[in-house]
Structure formats: structure tokens, C-alpha cells
Amino acid sequence: MSESFVAPGQQRYLRACMVCSIVMTFARFRDEGCPNCEEFLHLQGSQDQIESCTSQVFEGLISLANPARSWVAKWQRLDTYVRGVYATKVSGQLPDDVRSTIEEEYRIQYIPRDGSATEAD
């Protein structure tokens, strides 16, 4: 998991994806995009998309080495994502146009990671 290492001086540049809650630096989102959501968020190379679809305001960190086997990953709805560091709560809302694209074109139900909505069982 050395690709997730962030030097202490770089921690102020951490951001969390508002869809999957993975935590990476701004530069890493710019260079690689979101490993879980790039297909529909298109963060790679787009400063505007990164600023509107990720947040600097998040709480708690979860390190996942094997998301498919982790009960914490299942609880946080992260069990189908790549291994990495995830926030437990991400403040902010996706822009309406991005949200409608995700829900209409990709048939993905967007559930905010800020705790404002709960998943229906």
C-alpha cells in the first residue's frame, strides 16, 4: 500500500471523492483520476471536476487491504472498490449535472457520503 503513502507536508492536499470516499492528494486525482469512479466522474486532468466532485472536508480514515473480505468495507459500502484509504464521512454534494448523469446514464444510485441520506434496506 505504499502508493497510498502521503508525506506529512502533503496532508493538507488530501481530498476525498464524494461518490466512493477514497482519499488521495489533489495531484494524484489529477494524474490518475479516481480508481473507482473515473468512468463517470472524469477527474483525470480536470481541476474543475476535481474541485466539484471531491472534498477537502472529511472525517475518519479507513485503510482497506482486502475490501471484499472486510466487514468494515461492507458496512461502509466499499466492498466492491479498490484497496486504499477511505473517509468514513465526506462533506459536500455532487453538482446536479454530475448526479443526474450518474443516475440516468450509468444507472447508479448516488447516496451522499455525508450522512444526510441513509440507504434503504
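A salt bridge here is a side-chain nitrogen of Lys or Arg within 4 Å of a carboxyl oxygen of Asp or Glu, and by this rule the count comes to 3. Keep in mind that this is a predicted model: local features need pLDDT of at least 70, side-chain atom pairs count only at pLDDT 80 or more, and totals for chains, interfaces and linings use all residues. Residues are numbered from 1 along each chain as its sequence is written, and side-chain values use heavy atoms, with hydrogens and water left out.

**Salt bridges**

- Side chains of opposite charge can pair when their charged atoms come close.
- Arg-28 and Glu-32 meet through their side chains at 3.1 Å, N to O. Both sit in helix α1, 4 residues apart, about one turn of the helix. (Helices are DSSP runs of H or I with at least four residues, strands are runs of E with at least two, and both are numbered from the N terminus.)
- Arg-28 has a relative accessible area of 21%, so it counts as partly exposed, and Glu-32 is partly exposed too, at 46%. (Buried means under 20% relative accessible area, exposed over 50%, and partly exposed in between, using a 1.4 Å probe and protein chains only.)
- Asp-31 and Arg-30 make another salt bridge, at 3.3 Å from N to O. Asp-31 is partly exposed at 47%, and Arg-30 is partly exposed at 38%.
- In helix α5, Arg-99 and Glu-103 lie 4 residues apart, about one turn of the helix. The closest N and O atoms of their salt bridge are 3.6 Å apart.
- Arg-99 is partly exposed at 28%, and so is Glu-103 at 31%.

- 3 strands form an open sheet in the order β2-β1-β3, with antiparallel pairing. (Two strands pair if DSSP finds at least two bridges between them.)
- β2 and β3 (54–55) are the edge strands, each with a single partner, so one side of each has no neighbour in the sheet.
- β1 and β3 are joined by 2 bridges and run antiparallel.
- Ala-16 belongs to strand β1, and its bridge partner in β3 is Ser-55.
- Ala-16 is buried, at 0% relative accessibility.
- Ala-16 and Thr-54 are 38 residues apart in sequence, yet their C-alpha atoms are 5.2 Å apart.
- Leaving out residues up to four places away in sequence, Ala-16 touches a set of residues including Phe-29, Cys-53, Phe-58 and Val-90. (Contact means heavy atoms within 4.5 Å.)

**The nonpolar core**

- The largest nonpolar core has 31 residues, and Cys-17, Val-19 and Leu-41 have the most contacts inside it. (A nonpolar core is a set of buried Ala, Val, Leu, Ile, Met, Phe, Trp, Tyr and Cys residues joined through side-chain atoms within 4.5 Å.)
- Elements giving two or more residues to this core include β1 (14–17), α1 (26–32), β5 (84–90) and α5 (96–105). The largest share, 4 residues, comes from β5.
- Not counting residues up to four places away in sequence, the contacts of Val-19 include Phe-40, Leu-41, Tyr-81, Ile-102 and Arg-113.

**Cysteines**

- (A disulfide is a pair of cysteine sulfur atoms within 2.5 Å.)
- Cys-20 is in no disulfide, and the nearest cysteine sulfur, in Cys-34, is 3.5 Å away. Cys-20 is buried, with 0% relative accessibility.
- The sulfur of Cys-53 has its closest cysteine sulfur in Cys-17, at 7.4 Å, which is too far for a bond. Cys-53 is also buried, with a relative accessible area of 0%.
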